[in-house]
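This report covers charge pairing, fold and core. Keep the sequence and the 3D view open as you read.

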Amino acid sequence: VNYLIKEIEIITEPGISGSIGLTELSRKATGKNLVDVTSDTNWYVYPNFNTNDYYGKEYNEETKTLTLGGHGNHRRAVYDLREYAGQEVTMSFKAKAVRESQTSYIQNSKTDANRTQIQGLTEEWKEFKYTLTIDSTGYLGFYISGGNGIELQELQIELGNQKTSYEEFKYTLQSNYSINL
């Protein structure tokens with residue numbers, strides 16, 4: 001995807017040359033929801049994708065549904081919240097098992113630690129809410145234990161111990177440039 005950030009005209013003296021390069025372009029959260037379900041860079045999925053396996057994280061823009069796990073694979077899908085490590089957050093979402101029952105957990109770590117089982121996950125949509133302190137690794141998300149996976153909607157992680165009404169991830173684009181003259 002290409003974005004036009006700003007268009008400027010640069011006038012120099014004859015004979016001056018150089019280059020202007022974009023060194024970083026990222027989304028900076030501006031709303032209360034800290035998680036961008038569409039992000040390809042802020043999610044850490046392990047085991048990682050390879051050509052013989054299934055990645056285990058898909059987002060359907062039309063239905064606004066995030067699907068994690070599936071195909072019998074055990075998957076850890078956690079979101080990068082390192083700037084909020086040590087802070088209390090409330091994580092809320094609607095979830096259901098893709099097929100039959102599914103053992104799944106809230107994963108409060110980038111490593112295989114700090115898991116809380118999601119109780120009552122069935123093929124029907126249910127609302128869930130968890131308040132916790134983000135661990136020192138700064139990653140928070142889900143662990144899917146084999147099976148057919150889970151589907152999530154209205155995933156929101158917000159600062160504090162209160163669940164508020166759902167708000168999609170809001171952001172501004174933040175960029176850094178390199179100018180050499």
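## Salt bridges

The structure holds 10 salt bridges. A salt bridge here is a side-chain nitrogen of Lys or Arg within 4 Å of a carboxyl oxygen of Asp or Glu. This is a predicted model: local features need pLDDT of at least 70, side-chain atom pairs count only at pLDDT 80 or more, and totals for chains, interfaces and linings use all residues. Residues are numbered from 1 along each chain as its sequence is written, and side-chain values use heavy atoms, with hydrogens and water left out.

Glutamate 83 pairs with lysine 28, and their closest N and O atoms are 3.4 Å apart. Glutamate 83 sits in the loop between β5 and β6, while lysine 28 belongs to strand β1 (residues 19-29), so the pair ties together parts that are 55 residues apart in sequence. Glutamate 83 is exposed, at 55% relative accessible area. Lysine 28 is partly exposed, at 36%. The cut-offs: buried is under 20% relative accessible area, exposed is over 50%, and partly exposed is in between (1.4 Å probe, protein chains only).

## Further pairs

Aspartate 112 forms a salt bridge with arginine 115, with closest N and O atoms 2.6 Å apart. Aspartate 112 is exposed at 54%; arginine 115 is partly exposed at 33%. Shared partners join Glu61, Lys64 and Glu168 into one salt-bridge network. Within it, glutamate 61 and lysine 64 have their closest N and O atoms 3.9 Å apart. Lysine 64 is partly exposed, at 36% relative accessible area.

## Fold

The protein chain has 0 helices and 12 strands. Both are DSSP runs numbered from the N terminus: helices are H or I with at least four residues, strands are E with at least two. The C-alpha trace spans about 70 × 40 × 30 Å along its principal axes.

Of contacts between residues at least 6 apart in sequence, 78% join residues at least 24 apart. A contact means heavy atoms within 4.5 Å.

## Core and burial

Of the 181 residues in the protein chain, 35% count as buried. The largest nonpolar core has 29 residues. Such a core is a set of buried Ala, Val, Leu, Ile, Met, Phe, Trp, Tyr and Cys residues joined through side-chain atoms within 4.5 Å. Phe93, Ile106, Leu140, Phe142 and Leu155 have the most contacts inside it.

Which strands each supply at least two residues of this core? They are β2 (43-46), β4 (65-68), β5 (75-80), β6 (88-97), β9 (126-133), β10 (139-144) and β11 (150-159).
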